[in-house]
Amino acid sequence: MKLYKKELINRTHNSINLSPPSLLALGFLSFIILGTVLLKLPFANYGHLSWMDALFTATSAVTITGLSVVNLGDSLTVFGKIVVMALIQCGGLGFMTFAILAALSLSPKIGLKQQMMAQEIIGQTSLSRVSFTIKGVLYYSLFFEAIGTTILTIAWMQEYTFPKAFFYAAFYSVSAFNNGGFSLFPNSLMSFSGHYFITFTISMLYIIGGIGFIVLMDIKRNRSWKKLSANSKLILSTIAGLNLFAFIVIWALEAANPHTLASMSIGDQALNAWFHATVPRSSGFNSIDVGQMSDAASLVTMLLMFIGGGSLSTAGGIKVGTFIIVVLSVITFLRRSDEIRVFNHSVSEKTTFKALAVISITSMLIFIGFFSLLLLEPKHRFLDLMFEAVSAACTVGLSRGITGDLQPASLVILMLLMFAGRLGPLTLAYLIATPRKSRLKHPQTDIQIG
């Protein structure tokens, strides 16, 4: 009898022994379901929030996307807004971060298996630094959110009472640092397009949150450009270059647009061009009407959404490291060099293959989602639907104003894109197809390329 019970326990333990990608997906799904139920509670909304609205809002919050079918400020009570803020925080820091932190609070050491799971999910290469990295994620998040809350409270106290100013500040700090993009105002931040203090603070929060915690910890540890790792140098220089490029292009394309920047002063144009050059990297705020932007500026915005931010950050997209590695691999091929070099370091072929896989899978997700939206929404413009698909798959949250007009089937497509985008294309690939190692080696052949 004892042997039978022991065998039954072992079978049960093995049956719930999920892989890291499966556990991550299950964790996010659990948060989405819990958030949906909480938002449907009578004291969480004002009575006109459907189950689809609640599900879409919870999915968008957990995946830190920012797309919304309702006006949060008018549809949710204070409790409902707190629920959304908590979902954004959980989605930003990640389910496994909370799980490992919970384990660390019970025991100063975690087992090798748990470290391996955390290593695969957070992308850390050293097992000995997994716990340190996860603690750093929490500390940095709370630190920058506290600073943002303090600054924004001071700024909003000029217009609101202290309790209201503090609540707005806390909500926007969490939403910005986690690249959530959720707003409590019906026009996002358009009412504050000329308020330098608020707009610049929020932009710095989502930029810092999108750099990546590994890079932030490397900066704190070394405090010198020469001592930074090749990864940190690459990420920082690429982000700076992309921001500068986007700032110039967006300003040039929209300066004469009467619906966006043309009516503003030079200073306000510069501020809002900067905001919309940096915000597509994964945050869904907007200080000008995105639906009125020119087609060329919208195309540049989609490219920026596709690239996203740094790895192990609150940003989405394919990530900056992925983008620059593929660019460098093309340059290396054209130069007929033997290896990809980054700051006097070579990049392995495995890293290059991984970057190509991320771009390919993300592109496929966007294409499938976009094609589905074209079939379901023939009345909407081609560009608007493409913009929506890219924004959802890259968990950005910017929209050209059509999200609330989409039918339920289209909203389901967007939710699937957001969920897949938050899991990450590689995690999704591992979840669908378990890799198999083969001892059989096949002869090489030449395939014509180009």
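Guide: At 36% relative accessibility, Glu339 is partly exposed. Its side chain meets that of Arg341 in a salt bridge, with 3.5 Å from N to O. Arg341 itself is exposed, at a relative accessible area of 52%; the cut-off for exposed is over 50%. The model is a predicted one, and it holds four salt bridges, of which this is one.

Another of the salt bridges joins Asp218 to Arg221, where the closest N and O atoms are 3.3 Å apart. Both residues belong to helix 11, which covers residues 213–222, and because they are three residues apart there, about one helical turn separates them. Their accessibility can be given residue by residue. Asp218 has a relative accessible area of 3% and is therefore buried, the limit for buried being under 20%. Arg221, with 47%, is partly exposed.

A further salt bridge is formed by Asp295 and Arg381, with 3.6 Å between the closest N and O atoms. This pair links distant parts of the chain, its two residues being 86 residues apart. Asp295 is in helix 14 (residues 295–307), while Arg381 sits in the loop between helix 16 (349–376) and helix 17 (382–393). Asp295 has a relative accessibility of 46% and so counts as partly exposed. Arg381 is also partly exposed, with a relative accessible area of 44%.

As for the pairing itself, side chains of opposite charge can pair when their charged atoms come close.

Technical notes: Residues are numbered from 1 along each chain as its sequence is written. This is a predicted model: local features need pLDDT of at least 70, side-chain atom pairs count only at pLDDT 80 or more; totals for chains, interfaces and linings use all residues. Side-chain values use heavy atoms; hydrogens and water are left out. Helices (H or I, at least four residues) and strands (E, at least two) are DSSP runs, numbered from the N terminus. Buried means under 20% relative accessible area, exposed over 50%, partly exposed in between (1.4 Å probe, protein chains only).
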